Number of protein chains: 2
Amino acid sequence: MPINLMSPDPEQLLPVKGVALGTAEAGIKAPGRKDLLVMSLALGSTIAGVFTRNRFRAAPVLVSLEHLHAKPEVRALVVNTGNANAGTGNEGINRARQTCAALAKLLGCEAQAVLPFSTGVIMEPLPVERIVAGLPHCVAGLRENNWLDAAQAIMTTDTLPKARSRRVSINGAAVTITGIAKGAGMIRPDMATMLGFIASDARVSQPVLQTVVSDAARDSFNCCTVDGDTSTNDAFMLIASGQAQMQEITRIESGEATAYCDAVTEIAQWLAQAIVRDGEGATKFITISVEGGKHGEECSKVAYAIAHSPLVKTALFASDPNLGRILAAIGYAGIGDLDVSKISLYLDDVLVAEKGCRATRYNEADGQKVMRKQEIGIRVLLGRGSAKSRVWTCDLSPEYVKINSEYRT
Amino acid sequence: MPINLMSPDPEQLLPVKGVALGTAEAGIKAPGRKDLLVMSLALGSTIAGVFTRNRFRAAPVLVSLEHLHAKPEVRALVVNTGNANAGTGNEGINRARQTCAALAKLLGCEAQAVLPFSTGVIMEPLPVERIVAGLPHCVAGLRENNWLDAAQAIMTTDTLPKARSRRVSINGAAVTITGIAKGAGMIRPDMATMLGFIASDARVSQPVLQTVVSDAARDSFNCCTVDGDTSTNDAFMLIASGQAQMQEITRIESGEATAYCDAVTEIAQWLAQAIVRDGEGATKFITISVEGGKHGEECSKVAYAIAHSPLVKTALFASDPNLGRILAAIGYAGIGDLDVSKISLYLDDVLVAEKGCRATRYNEADGQKVMRKQEIGIRVLLGRGSAKSRVWTCDLSPEYVKINSEYRT
């Protein structure tokens, strides 16, 4: 059961001028499930992205990077679920290229103007014939008011589609931004999420767009973890179709760029949180804040140590304030000169530990009360400096094990 | 259900001259469960140990280190389960000292000659009155032929006691070595296990003993992980009571020291594997070997990334050869310049992946066959050098979540 997350209201999802979406049931996943998405971009669009840092980068990631480096005008994205096309070697790259070529032919553009994305099982051959056979249906159905359909087509173990829109005014011009993303396991993004796509009708130069997508990823998808497994296929793409009536944003230091980045980040944060809220088997949404570090990196280390500890995660699932497990995780996070006698720990507003041990005024009933909530804040003060970091995660339930034991069956 | 592990045969556990053991039900754990152990050492014994590297070191770890640094002749060890006395600040240290003082009084030695050890719940006050009240029963029951009782008294979520003996001939002298250990969660030892005690009647100088315990830990307890959580209380102690008829071993480079180290390491490896075989919720015992690295550290990184991946662990539980998850874990293990096209992956003798992708002659039926086994070898060849590393781990089952959700209830 996702935590405080509902299926998006189709009325709330705003079309982005210049960006059309079409889906198909290509038969990669079980019959009756959409598993293929095409996004076509108007001429004059710009695009930027960040990709997984897993050294086993999937074939579509390699081909997307190759196409982006060739600097064509990107005209379309194609996304399949059910198969990651990762660990598939040269044949995998050939099949990703075949997919691009087939779509390019249908759209009348060059193959390099198409970026491929895949998500699903690793190390199995991509069923490229089914994908190619499904593309005409996607292209025939291309329309701007199709975001919910698109969000559904990229789902794997997600229980709900994830999509969000907003309209912002940038220097007087109305700009529309809509984004979609999918989770829900193998989630510990490193410079990107599993798959996230945010489109806007803003006019933004490619270098500015690249900075915005990196900044937004850092403050959103890179703050969330379900199980600590960084995927081979992570990608987060930001599209600016240039259809809004506005001057092109060309300077990252401008007020327009800041306003645009803030709006994109807000959507990205919502989507990143939605991925955690719908994390495999999740029953609780946890925000871990680590403050008072010497630098952000050590704060992140502590936050991720807590977020990845199976013992902390199972205690959260059980609503058991067995909070010594959090201290243990802080202790093994890898800060060599950590002085534990300076550490405080809060559960929401409840002071649990101070000076490295159980706070004198802490009583377990207060901790228990917070642990029963569906949304819990864990706050650690390191007492070493002024840096901080924040991570969103979920608990570990028997359902997670069940989902991942039966993933392919 | 432990994997290929049985309760030790009391007949096979050999008494170690000079080392007597007594236990009690002190009421720290549920009624009817032994939870307190005293080991007394003959005059002239030497002792050495390695302790957790968790920065939150428990009070008994700090007090044991303090006593060892004071270099008294250690005359006794006292171990309680049910409470870790960790995250308990100065009061925790006072209570560990009170425990030592009470036992010292009973035995007629100084308090610094006693080393305290605790395991159990973190951040709760140590019930020192109950421990002190239980000590006379332990002391009254001290005898050399009491190892099974001792192994039972240090259990927490272990389902079986873990103990092992062997007799070796060192330069013509008969030496007896017996060890005990406990797991079974919060297991990712860093220079030590949860709690392991190995005693021998050998005559060994303290500096040699310290080297032997470090070397043995490196090749045994430090190679095992259940859930990646390094405990606050880990300790592995090696005792030489000096009662065997032999010359003292004083040089680490000698053949005698090597023979002694090999025998201790063999016991330590057996105990470390026993901890994993009885890991919380474990249904499979996995040996992960990573070879062909530039140095041991990077091999360990890869081995632990695989061992800690919830996705790999759940696939192992399900006997599902979803082996792309192993490639993904290798990819995010943190080797920045990893060339994935040089990687091979074996499941037992089955070649699963070569040159970074699915091996042409691999078929899933072969992988399935291995995955169904209770003991599985995962072997990764990195193709970068000649270093290697090995880690023992277990799978992740719904039972693990259940045990750790209900740990305190």
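Across which strands does helix H5 of chain B lie? I found helix H5 (residues 206-218) of chain B across E3 and strand E9 (235-240) of chain B. The helix runs at about 35° to E3(B). I take helices (H or I, at least four residues) and strands (E, at least two) as DSSP runs, numbered from the N terminus. Contact means C-beta atoms, placed from the backbone, within 7 Å. Axes are lines fitted to C-alpha atoms, for helices over the stretch in contact; angles run from 0 to 180 degrees between N-to-C directions.

I noted the provenance: this is a predicted model, where local features need pLDDT of at least 70 and side-chain atom pairs pLDDT 80 or more, while totals for chains, interfaces and linings use all residues. Residues count from 1 along each chain as its sequence is written, and chains are lettered from A and ligands numbered from 1 in the order written.

Next, the sheet. I read an open sheet of five strands in chain B, order E3-E9-E8-E7-E6, with mixed pairing. Strands E3 (46-51) and E6 (162-170) of chain B each have a single partner strand, so one side of each lacks a neighbour in the sheet. Neighbouring strands are turned by 15° on average, direction ignored. Pairing requires at least two DSSP bridges. I looked up E7 (residues 173-182) and E8 (residues 195-200) of chain B: they pair antiparallel over six bridges. Thr178(B) has Ala199(B) in E8(B) as its bridge partner.

Last, the chains. A rotation of 180° with 0.0 Å of shift along its axis superposes chain A on chain B (RMSD 0.0 Å). I used least squares on C-alpha atoms of residues with pLDDT of at least 70 in both copies. That is the relation of a two-fold axis. In chain A, the C-alpha of Pro398(A) is nearest the axis, 2.3 Å from it.

Technical notes
Contact = placed C-beta atoms within 7 Å.
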